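Student: I would like to learn how to read a model of this kind, feature by feature. Could we go through it together?

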Amino acid sequence: MTDRPGPDASPAAHPPVPAGAGRTRSFSLRRRLTFTLAGFGGLALVSLLVAPLIGPTPIALGRVFDPAIPFADNVDAQIFFIARLPRALAGMLVGASLAVAGVVFQALLRNPLATPFTLGVSAGASLGAMLVITFGLPMAVAGVPAVPVASLIGSLAAAGIVYAMATLRRRGLSTTVLLLAGVTLNSFFSAIIMFVQYSADFAQTFQTVRWLMGNLDVSGFQPIIAALPLTGVAFVMFATLPRALNLLTLGRDSAAARGVDVLRTQRVAFLSASLATGAAVSLAGPIGFIGIVIPHLVRLLVGADHRIVMPASACLGAAFLVACDVVARTAMAPVELPVGVITALTGGPFFLWLLMRRP
Amino acid sequence: MLQATDVRFAYDRQPVLHEVSFDLVAGGVLGILGPNGSGKTTLLRLLGGLLRPQSGRIALDGSDLREIPHATLAQRMAIVPQETQLAFDYSVLEIALMGRYPHLRAFEVEGPEDIALARAALAETGTAELEDRSFMTLSGGEKQRVVIASALSQFGRRAVDAADTSDGQAEVLLLDEPTASLDLGYQLDVTATLRRLNTERSTSMVISTHDLNFAAALCDRVVLLRQGRVLAAGPIGDVLRPDTVRALYDVDAAVERHEAAGHLTVVPLTRRGDAAPGGRAGR
Amino acid sequence: MSMNMTLMMVGKTRTPTTPGLAGRVRRLTLAAAIVLVAGLGAQTPQRIVSVIPAVTEILFAIGAGSEVVGVGSYDQFPPEIANLPRIGGLIDPDIETIIALRPDLVVPYATQVDLVAQLGRAGIPLFQYSHGTLSDVLTTIRQLGDRTGHARQAEDVARGIEADLAAIAEAVSGRRRPRTLLVIAREPGSLRNLFASGGSGFQHDMLWLAGGENVFDASVSRAAQVTTETILQAAPDVVLEVRAGQALSPAEVAREVAVWQALPSLPAVRNGRVVFLTGNDLVIPGPRIVQGVTRFAGALHPDVALPTR
């Protein structure tokens, strides 16, 4: 053991050190993690605090928090607490979920082009929502309206089918089969969606098309509270993943040789990302672009280590979606723009610019 | 120290290895030689504990691999794959630090000691100056040496760990075709790095390769594997002969000691039998 | 007060951008009429295919029902159409079935450009139609009367509608117009993806005639997606929801009305003035418009005795 550096041994005491290796540059992962999280977390916090103050209607903060005015009479307070704050919170929840789900799917599939919607989760959710809107299925559960319930069921069903296909044929989880099954299921569900739309009447078709564009106007905290348990479970599972996902990018064998239970990690990754995506889509519809732009943006800014990328993506995804939603509801007020249009219009060009300036 | 006894393995009833036995001594370098498809990679994965033999036993210092927890095993044995392609852009130091993961508790991040150990591992493979570089931008030889450094950093002990682990347990590096995808210059770099690790750190190694000259340059003992069976095993000077090369590859070759290189060299001369591609596969 | 004056008033409340659409419709109709006159002479059609529910209702109302040989797949009124062949709908008209019916007049919707082109190539006469304002309904009735040889009945129907609408307007005149949010679509069971009538279109006109004032009068579009914040700010006295399609049970209607409790500051919610109406008469700009306006007026002014026909 003498030829290895002890805890106190300076690297210079080590025999085969080539020139240059003796420098002690500061590299502290803990410090990096703290700074990054403070930065991105601060951004998310600022967006949450500022977004409810912006809107087409001028509101007086003094009136919003004036205890002398009963809530039922206080329009300023209602605009703040019913219209704006829930929207900002829903934006945070959905933005964070989709961004981290994007990171996890990209790592699981070892494919930087993967998105939370690659494996059919959003197509399943859309089909569920569409069936309720078109046929008026009574699926409301415990006060949660039928459309989110049906889209959640649809997304989890899609995830279940894809997972079964990827594991049925042989032991272990084939990411290739996962990807192919997901892409196939996406087009298959899209075909059913088109068929359902075809047999729907005009107003219903319009409603479903609008649902597909995404919308954060949840008008109250109740839909957020309903989505919270699933999202919470997903994020607890996310917390166990970062190190294993780092190792998985080296390859299955390298990961397994370092004590990673590869199959279990893949299962947890798939399940948690599907759950987070399903909950997010059932809350706000399939809002595109966050799941791919945010993870890549974060990697360009802070590197690839998932212990930093995952929390940073959650914060940046939350801040980005809340900001986009502010634009969506104010740009053409009183008419609302689809928030998915804003995320794509702002995220797309910015992402392309980042790609171009990369050395 | 690493011992395989009558190891048998099959993928979905397709037998790959038949009663393979050998022994790696501490500080030794064992080559597993054989043509493509002879079962080398499978054998290496069995040795690394990634696969379980259907029968037979693989033991590290007397204890069956099955009984050693993954994380414990990872601190004594490391695998270097043939090629490492990353989907995302990690820095060299981050790759080296991944070797420290088996030593970390849940949610623990690498401390100064781990970073010092990872840097020392990079230094030992001559890649210390590259630590800030993006792994993706490295040459093939540099990548391979960084991955070896990452494996080495698995073996490093921190003060806390050293107390509760018995000292003196040797470390094993399992390398799968480490030079197969490298050009000549990088092959020599990697060969030199591995030789230095063996002499200076007494790292034990198992190297699977089809490159007889590479094996001759590094290994003290070899196992010749053909269609999942051990054709011959023993010290390289005894085993590497024109007749074993012929049996292994259906090639007539000259096997001579090269004075400048300081080890045996194999020069292939003619292909035997019908030279059609795949002609050897049947026999 | 004459109906024409009433409609002029309706016209005045509209924003200046809408006549563009109505004008375009008239131009299209005119162009189609010119083509017909030039090509085939003013022959009275004997075999009519109607693609759009409003047109089908108009044709039967003006006595051209016996000449109708095919109707749109979503048409439900009047009951006489139950056994007529169906020829698809707005987005999926079945050209083969239409041609096989050997029509001498087809009434498609203005946006069905492919259908119009194909029928034109087949040499089948067309009358192009498009939804517009409430006064456009009367114009369409008269034009269809002229085109189908039922001009006198069409004139009677149009005058009858004018008189009925005038009577409703008279009954609610002098009343304060409640500021009304007219909801035309939203997600079932929640206030999400809510669309309201903007300041134009026949539903906006129906609301005005029924003695209401649209809270989104200033909006130019016929239907606008509005946010919770906009609704809170608009603070409507009455929320009037119309839903076509399948009938809802009283319990389902009660549940949909209860959804509005999420916005307790709305005067409409506080005063229990959220009204949920279902039925195709509310969404089809045809002769049953009188029925629709009557129902609107009943919801907005429950204490007023409305004329019954």
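Student: Among the elements of chain A, which has the lowest mean pLDDT and which the highest?

Tutor: This is a predicted model, in which local features need pLDDT of at least 70 and side-chain atom pairs count only at pLDDT 80 or more, while totals for chains, interfaces and linings use all residues. Residues are numbered from 1 along each chain as its sequence is written, and chains are lettered from A and ligands numbered from 1 in the order in which they are written. The pLDDT is the predictor's confidence in each residue, from 0 to 100, and helices (H or I, at least four residues) and strands (E, at least two) are DSSP runs, numbered from the N terminus. In chain A, helix α7 (residues 202–212) has the lowest mean pLDDT, 80, and helix α13 (residues 306–330) has the highest, 95. Over residues 1–24 of chain A, however, the pLDDT is below 50, although this stretch has 38 contacts in the model beyond near neighbours in sequence; two residues are in contact if their C-beta atoms, placed from the backbone, lie within 7 Å.

Student: How should a stretch of that kind be read, and what does chain A average?

Tutor: Where pLDDT is low, the predicted coordinates should not be read in detail. Chain A averages a pLDDT of 85, and 89% of its residues score at least 70.

Student: How many residues does the contact take from chain C and from chain A?

Tutor: The contact takes 29 residues from chain C and 33 from chain A. On the chain C side, the elements that give two or more residues are β7 (223–225) and α9 (228–234), and α9(C) gives the most, with 5 residues.

Student: Into which domains is chain C divided?

Tutor: With bounds from an automatic or database domain assignment, chain C is divided into domain 1 (11–160) and domain 2 (176–300). Their contact takes 18 residues from domain 1 of chain C and 16 from domain 2 of chain C. On the domain 1 side, α3 (53–61) and α6 (134–148) of chain C are the elements that give two or more residues, with α3(C) giving the most, 5 residues.

Student: How many helices and strands does chain B have?

Tutor: Chain B has 10 helices and 12 strands. Its C-alpha atoms fill a box of roughly 60 × 40 × 35 Å, taken along the principal axes. Among contacts in chain B between residues at least 6 apart in sequence, 64% join residues at least 24 apart.
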